[in-house]
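Here are a few exercises to work through with the model open beside you. Grab a pencil and try each one before reading the solution.

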Amino acid sequence: MQKTQPTAAEARLSGRISVTVAGDVHNRGTGGAASFELIGGPESGRLELSAPLGGLVARASWQPGLVLLQTPDQQRRFDDLDSLTREMLGEAVPVAALFDWLQARPWPAAPHQKTDKGFEQLGWRIEPRLPALVATRLSEPTVTLRARLDGGDEGTP
């Protein structure tokens with residue numbers, strides 16, 4: 001029996017991720033890198049970020065009506081995933097779309113436009129080069145998200 005690729009609703013993706021927010025003459029740019037594990041889907045899921053040596057930095061979990069961020073120091077609630085990523089990174093990152101973007105396909109819940117190297121969606125230019133992805137927000141300040149998936153079968157727990 002041939003194994004099919006997991007749907008976004010049951011995805012389990014892991015690898016390394018970095019996010020950079022461009023600075024300007026008044027503000028210095030920000031950014032960071034971590035190992036990640038993204039489990040579940042846009043409606044209900046979990047994103048774990050770990051330091052290079054393996055310690056858990058943060059765990060975000062969501063389900064309808066509840067978005068939580070756990071760090072070693074505290075647990076906080078947010079209204080939605082955009083609010084959570086804005087707090088963590090300084091700018092909103094569309095976590096719900098990442099499940100599909102990391103698998104080199106547009107998120108089905110929003111329109112997209114094809115480009116020479118990928119597609120544009122939700123105000124981001126997505127350039128998938130599996131097992132890597134570069135996503136760049138087109139509005140200011142520029143946000144660049146780079147991810148590289150671990151090898152192996154991303155559909156198994």
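**Exercise 1. Work out how strand β11 is paired.**

Start with β10 (residues 132–137): this strand pairs with β11 in the antiparallel sense, over five bridges. The link between the two is a hairpin of five residues. Keep in mind that this is a predicted model.

Now look for another partner. Strand β1 (residues 11–21) also runs antiparallel to β11, joined by seven bridges.

**Exercise 2. Is β11 mostly covered or mostly open?**

Go along residues 143–149 and count as buried whatever has under 20% relative accessible area. Five of the seven residues pass, so β11 is mostly covered. For the chain as a whole, 39% of the 157 residues are buried.

**Exercise 3. Find the largest nonpolar core and follow one of its residues.**

First, the size: this core has 37 residues. Among those with the most contacts inside it are Phe36, Trp62, Trp101, Trp124 and Leu145.

Second, the main contributor: helix α2 (residues 95–101) gives the largest share, six residues.

Third, zoom in on tryptophan 101. Setting aside neighbours within four places in sequence, its contacts include Pro94, Pro106, Trp107, Phe119, Trp124 and Leu133.

**Exercise 4. Sketch the chain's layout.**

Count two helices and eleven strands. Then write the order from the N terminus: β-β-β-β-β-β-α-α-β-β-β-β-β.

Note on methods: Residues numbered from 1 in each chain as written. Predicted model: local features only at pLDDT ≥ 70, side-chain atom pairs only at ≥ 80, totals over all residues. Heavy atoms only, no water. Core = buried A, V, L, I, M, F, W, Y, C linked by side-chain atoms within 4.5 Å. Buried < 20%, exposed > 50% of the residue type's maximum accessible area, 1.4 Å probe, protein only. Helix = DSSP H or I, 4+ residues; strand = E, 2+ residues; numbered from the N terminus. Contact = heavy atoms within 4.5 Å. Pairing = 2+ DSSP bridges.
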